[in-house]
Amino acid sequence: MNIFQEDKNCFSPFYMSNQTRQCQPVLFDPQEAISLGNLFKDLYMSYQGFSNYCLQPENARQQALLEVQMYYFVAHEINLYLDMHPHDEKMIQLYEQYIQKAKQSQDVFEKRYGPLEVQNTQNKIPFEWIQGPWPWEYQKD
C-alpha cells in the first residue's frame, strides 16, 4: 500500500514548492500521538492488529516528564511535516505553539526535579547534572 498517493490524503513524497495543498492533515491529540508513535491520522497503521501500550505515569515526576516528551514529540512530528510542506502557515503556527508548550513544560520539570539536559545546569557546586535520579530511574514522588 502506498501511503503517499495524492488522492488518498494530503501528504506528498516529493517537495513541491509551487503547488498548494488541497487539505490540512488530520492530527491525533498529543496524548494519543505519543502513545501511537504518530501524530498524523492519515499515516497511522497499526501493526497486525496489535494495540499500543497506554503510558501511565506512576507519580508526579513521571507525569511531568511525559508531558515534556509529549510536546517535543508533537513538535518534532510537525517539523518533519514542514520539511515537506514549508509554506503551510497553519502548521508553522502549530509548530510554534507546541515548541512553546514543550519549553514551558521542560522549565516546570527542571525547576522541580532538576535539569534534563546538561546545558541547562546551573553553575553550582556540586555539579547538578550528576545528581540523581536520572529520568529513567524509578523514584517515588
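Is the crossing of H2 and H3 left-handed or right-handed? I looked this up in a predicted model, and the crossing of the two helices is left-handed.

**Helix pair.** I noted that two packed helices are described by the angle between their axes and the distance between the axes. For H2, residues 60-84, and H3, residues 89-113, I read an angle of about 155 degrees and axes 8 Å apart. Angles over 145 degrees count as roughly antiparallel, so H2 is roughly antiparallel to H3. I then sorted the residues of the contact of H2 with H3: 20 are nonpolar, three polar and five charged.

**Cores.** Next I looked up where nonpolar residues gather. The largest nonpolar core has 19 residues. Those with the most contacts inside it are Leu39, Phe40, Val74, Ile78, Met91 and Tyr98. I listed the elements that give two or more residues to this core as helix H1 (30-36), H2 and H3. H2 supplies the largest share, eight residues. I also found a second, separate core of five residues, among them Leu65, Val68, Phe109 and Leu116.

**Asparagine 38.** Is asparagine 38 buried or exposed? I located this residue in the loop between H1 and H2. Its relative accessible area is 13%, and buried means under 20%, so asparagine 38 is buried. Leaving aside neighbours within four places in sequence, I recorded contacts of asparagine 38 with Phe28, Ala33, Leu43, Tyr44, Phe73 and Glu77. I also checked leucine 27, which is eleven residues from asparagine 38 in sequence and 8.9 Å from it in space, C-alpha to C-alpha.

Key:
Residues are numbered from 1 along each chain as its sequence is written. This is a predicted model: local features need pLDDT of at least 70, side-chain atom pairs count only at pLDDT 80 or more; totals for chains, interfaces and linings use all residues. Side-chain values use heavy atoms; hydrogens and water are left out. Axes are lines fitted to C-alpha atoms, for helices over the stretch in contact, and angles run from 0 to 180 degrees between N-to-C directions. Helices (H or I, at least four residues) and strands (E, at least two) are DSSP runs, numbered from the N terminus. Angles under 35 degrees count as roughly parallel, over 145 as roughly antiparallel, 65 to 115 as roughly perpendicular and the rest as oblique. A crossing is left-handed if the near helix is turned anticlockwise from the far one by less than a right angle, and right-handed if clockwise. Ala, Val, Leu, Ile, Met, Phe, Trp, Tyr, Cys and Pro count as nonpolar, Asp, Glu, Lys and Arg as charged, and the others, Gly among them, as polar. A nonpolar core is a set of buried Ala, Val, Leu, Ile, Met, Phe, Trp, Tyr and Cys residues joined through side-chain atoms within 4.5 Å. Buried means under 20% relative accessible area, exposed over 50%, partly exposed in between (1.4 Å probe, protein chains only). Contact means heavy atoms within 4.5 Å.
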